[in-house]
Amino acid sequence: MTNPGSPLLSVRDLKIHFPIRGSQGGVVKAVDGISFDIPSGRTVALVGESGCGKSTTAYGIIGLEPVTSGSIQFEGREIAHLDKQSRRALATDIQIVFQDPSAALNPKMAIGDSIGEPLVIQGWRRDKRKQRVRELLDLVGLPEAYAERTPNALSGGQRQRVVIARALALSPKLLVLDEPVSALDVSIRSQILNLLMQLQKELGLSYLFISHDLSVVRHLADDVIVMYLGTVVEEGGAEALFEAPQHPYTQALISAIPLPDPKAQRSRERIILKGDLPSPLNPPTGCPFVGRCPIRIEPCGNIRPSLQPVASGTRAACLVRAPVPLAA
Amino acid sequence: MMTETPPRDWTPVLAIKDLRIQIGGLDVVDGVSLTAGRGRILAVVGESGCGKSLTALSILRLLPKAARIAGGRIELEGMDLAHLSEKDLEDIRGNQASIIFQEPIASLNPLMRVGAQVEEALRLHRGLSHAEAQREALAMLASVGIPDPQNRARQYPFELSGGMCQRVMIAAALICRPRLLIADEPTTALDVTIQAQILDLMKRLRDEVGTSIIIITHDMGVVAEMADDVAVMYGGRVVERGPVDTIFAAPAHPYTYLLLATVPRLDGRRKSTLRTIEGIVPGVDQWPQGCRFRSRCPLATDVCARRPSLDPVDAIGHAAACWHKDRLREIA
């Protein structure tokens, strides 16, 4: 149904606001006007620190948070405000994998039943279901016999494989991966990351990859979107964004990751930001990053910068690094 | 603060010798020996279940009820903490040695103003008056980077961010200028830009006060950033230890080697298949006899059924517990 070349998912000026109850009132602008595309077969990563709105964006896309305004199109069809029935139908196309596989699985349900549950909901017959569950276990590298076990008999990494298998049950086109390896042991993470890369290749999946771990993002993502306080501060191809980040927040974020190499780490120039993230209840009026920015200039306190292309190949929202070109 | 740099050398401030910790009759920490030199930072690294946190908790005898020290010595400047009375330990906690945890918000008293929590150790151990303790606490809060300490000191933990709470924890832990600070995953719950601030702060305080630091972490990046010395734990044992540069440049234990190789790196080749360690971390009741890594080790042979000792690799403190140190190049 998609035109060739048009994105699988297209988000435009998405806003997800939460009203605050009580006498004080007010509104938390968790996501405040972001736009991006996920082309078919690619991995787009949303990165940023807690409270930046990356997970809320993902929940908006899969319908777990109500969208305040803006558009989300999947294969050209608007999905921002679906009724229950259409949302259920869309589950065959978009699925999510959460961070903690232990919380995502019913502890009393056999693994095979968990994986087969989406098939039950979509009305698959029992024998076809069994067959599909076997295929899925094989796909994620688990022995067939695991279908009979319960989650507590499995390790964290194996449970995450089960969650991935369940997400793939209905052959979705887009998988939302919300910190899929953050809860796993270091020695297990690379197994799951390899599995995700292999599945993408085999099944032509598209990923929306949410992570705070930039080393993992650089490894997996094609495109990266850096969020801060509900807005996009920089976006671009992973290569360019990690090679030559332009926004001072992106630079600080990348430089804050300690390299697992003591000699390189010692000789590295690092940017240590002052202060904390501002409260989303009371964000700065101009650039959201102004309070912690090492290169801010006078107008940054008043003018909210828009994303502008920069020479390195990314687009940044920064009055200093990516000034708006003067109108001809 | 101080004009002279405090000494950093091999004089042991803490020496753990052949420590064994049991839970339900199982040796979850099995013969661990560690030394923290004066003014140095020792990183203890490993995955969940390796015994690193239990080892850290045992130093100030803060183990959960189910766990008990079954053997060994824990010497803080020569004094054996493993066999000290609870009353004598109270004189040491927060005074000569302090500990900070992963979740600052869970470690602070939610009903007590943060200033009072920083003062507490001073009043307890130094017998300072309220006014004196308050003055020192405010100075300490300022030096750990709390802006506007006068007002912040009057707030409760819930009014502070996670990074701020961790600074308060560090201020409270360091207020009596302890000889030893134990930091159990101190930045795991924090965002990376805040992690960078906290790690920077810990190093600065080490430089100024001369406190020895033991940092417990699973993050090889944090190890590279912080450590002078490293101990790698697996299955309740130290499998390798040595100076940080040696451990990263020339690991001698296959577990250390693989742990470093599995992590995607900011300077690695994108989308390449990552190295993996086969299998899973076995439960404490499923550890194999002999070398506990052998069920996952690509170099394992029959000899590994016997326990390898932590033997020196060189003369500058690098040691590894592996029968096949000379075969490591086979997995490179």
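1. Two residues are taken to be in contact if their C-beta atoms, placed from the backbone, lie within 7 Å. The points below concern a predicted model, and they begin with helix α4 of chain A, which spans residues 111-121.

2. In this helix the buried residues are A:I111, A:G112, A:S114, A:I115, A:G116, A:P118 and A:L119. The cover over these buried residues of α4(A) includes two further helices of chain A, namely α5 (126-139) and α6 (156-168). Just after α4(A), the backbone at A:G123 adopts a positive phi of about 80°.

3. Between the chains, helix α10 of chain A (residues 248-256) meets helix α8 of chain B (residues 192-209), their axes coming within 8 Å and crossing at roughly 55°. Because of that angle, α10(A) counts as oblique to α8(B), and the crossing in which α10(A) passes α8(B) is left-handed.

4. Which residues make this contact between α10(A) and α8(B)? From α10(A) come A:A252, A:L253 and A:A256, while α8(B) supplies B:V192, B:T193, B:Q195 and B:A196.

5. As to the domains of chain B, the assignment gives domain 1 as residues 105-175 and domain 2 as residues 251-331. The centres of domain 1 of chain B and domain 2 of chain B, taken over C-alpha atoms, are separated by 43 Å.

Note on methods
Residues are numbered from 1 along each chain as its sequence is written. Chains are lettered from A and ligands numbered from 1 in the order in which they are written. This is a predicted model: local features need pLDDT of at least 70, side-chain atom pairs count only at pLDDT 80 or more; totals for chains, interfaces and linings use all residues. A residue is buried if 20 or more other C-beta atoms lie within 10 Å of its own, exposed if 12 or fewer, and partly exposed in between; C-beta atoms are placed from the backbone. Helices (H or I, at least four residues) and strands (E, at least two) are DSSP runs, numbered from the N terminus. Domain bounds come from an automatic or database domain assignment. Axes are lines fitted to C-alpha atoms, for helices over the stretch in contact, and angles run from 0 to 180 degrees between N-to-C directions. Angles under 35 degrees count as roughly parallel, over 145 as roughly antiparallel, 65 to 115 as roughly perpendicular and the rest as oblique. A crossing is left-handed if the near helix is turned anticlockwise from the far one by less than a right angle, and right-handed if clockwise.
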